[in-house]
Amino acid sequence: MGAVPEANAYPIYVSNEKDNTVSVIDSDKLAVIATWKVGRRPRGITLSLDGKWLYVCASDDSRVDVVDTATGKVVRNLRSGPDPELFVLHPKGNPLYIANEDDNMVTVVDVNSNRVLAEVPVGVEPEGMGISPDGTILVNTSETTNMAHFIDTVNHQVVGNVLVDARPRVAEFSADGKALWVSSEVGGTVSVIDPVSRKILKKIEFSIPGITREAIQPVGVRLTKDGKKAFVALGPANRVAVVNAETLEVEKYLLVGQRVWQLAMTPDEKLLISTNGISNDVSIIDVASEKVLKSVRVGGSPWGVVVGP
């Protein structure tokens with residue numbers, strides 16, 4: 001059944017890859033208030049602009065589930081192409097751009113009519129999906145080709161490619177659209193790219209005492225709206241890096257759960273949530289103090305996270 005957070009609280013939705021569920025956390029109580037069944041191997045997760053519909057990549061069912069957030073029920077499915085992993089919604093709320101890992105395509109779907117508008121060929125094993133704040137440029141990362149592909153959202157054509165380090169996972173634009181951050185899991189770096197010139201401004205590297213370089217695997221990336229701070233999930237290093245987004249220097253590392261995957265912030269940017277795939281929990285981080293407040297146990301292998309309005 002559905003769950004309504006307390007007044008002034010935000011609903012936090014976490015996809016549990018092994019349980020085929022979504023955990024709902026109340027941002028005030030910092031506790032799970034509901035668990036919803038969805039399709040097989042849920043990974044990417046996002047919300048409609050009004051927060052009424054939760055979109056979930058049911059990767060092993062090759063579909064996108066649409067969940068009514070008032071009831072917690074899957075009300076319909078969207079065509080997604082095979083093995084959808086990550087996706088991004090247009091800033092206006094439609095269409096949805098989906099990475100299809102198995103067939104090297106980005107599928108563009110109208111969320112209202114469930115019509116496939118386009119299929120865009122990209123590199124091998126597409127995953128990360130980012131879109132510019134004005135909605136004109138879509139970026140897909142291909143894990144095996146090691147590229148960030150720039151796609152024109154009007155004609156659905158690739159208009160440029162940027163070679164990054166090995167196994168790029170997430171693409172995230174800054175709020176002003178002037179920088180694109182791309183994490184490279186195996187390369188161990190984050191490339192900060194100028195979206196206009198498509199030149200790499202800097203490759204951010206990470207070093208943690210007592211942690212081998214191979215264990216530092218950047219995945220999720222989130223930036224504050226003022227462009228001053230960035231957070232990077234570092235996989236089996238079990239850390240979230242805090243980066244000065246103006247100087248592009250790492251300032252500190254926060255110890256979280258095991259194998260940290262994805263990140264999301266509450267709309268007021270007071271809390272950052274990390275999904276920790278092996279410890280089966282999420283870490284709640286206070287953004288202002290840069291301290292971990294609490295660990296909240298969820299389902300099996302939490303993967304994606306999104307916060308409602």
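The largest nonpolar core has 35 residues, and W181 and F206 have the most contacts inside it. A nonpolar core is a set of buried Ala, Val, Leu, Ile, Met, Phe, Trp, Tyr and Cys residues joined through side-chain atoms within 4.5 Å; buried means under 20% relative accessible area, exposed over 50%, and partly exposed in between, with a 1.4 Å probe and protein chains only. The model is predicted, so local features need pLDDT of at least 70 and side-chain atom pairs count only at pLDDT 80 or more, while totals for chains, interfaces and linings use all residues. Residues are numbered from 1 along each chain as its sequence is written, and side-chain values use heavy atoms, with hydrogens and water left out.

When neighbours within four places in sequence are left aside, F206 is in contact (heavy atoms within 4.5 Å) with G188, T189, V190, I216, P218, V232, L234, A241, V243, V250 and Y253. Another core, of 14 residues, lies apart from the largest one and includes Y10, I25, V282 and V305.

A230 is placed in strand β21 (residues 229-233); strands (E, at least two residues) are DSSP runs numbered from the N terminus. A230 counts as buried, at 0% relative accessibility. Residues up to four places away in sequence not counted, A230 touches W181, R222, L223, A241, V242, V243 and A245.

The structure holds 2 aromatic pairs. Rings of Phe, Tyr and Trp (its six-membered ring) pair if their centres lie within 6.5 Å; planes under 30 degrees apart count as stacked, over 60 as edge-to-face and the rest as tilted. The ring centres of Y13 and W36 are 5.7 Å apart and the planes are at 40°, so this pair is tilted. Y13 belongs to strand β1 (residues 11-16) and W36 to strand β3 (residues 31-37), so the pair ties together parts that are 23 residues apart in sequence. Y13 is buried at 3% relative accessibility, and W36 is buried with a relative accessible area of 1%.

The largest pocket contains about 1400 Å³ of space. On a 1 Å grid over the protein atoms alone, a pocket is an open set of points with protein on both sides within 12 Å along at least five of seven lines, and lining residues have an atom within 4 Å of a point; the volume is the space filled by probe spheres set on the points. The lining has 42 residues, of which T46, V88, E172, R222 and V306 lie nearest the pocket centre. Elements giving two or more residues to this lining include β4 (42-47), β20 (221-223) and β28 (302-307). The largest share, 5 residues, comes from β28.

Notes
Helices (H or I, at least four residues) and strands (E, at least two) are DSSP runs, numbered from the N terminus. On a 1 Å grid over the protein atoms alone, a cavity is a set of points where a 1.4 Å probe fits but cannot get out, and a pocket is an open set with protein on both sides within 12 Å along at least five of seven lines; lining residues have an atom within 4 Å of a point.
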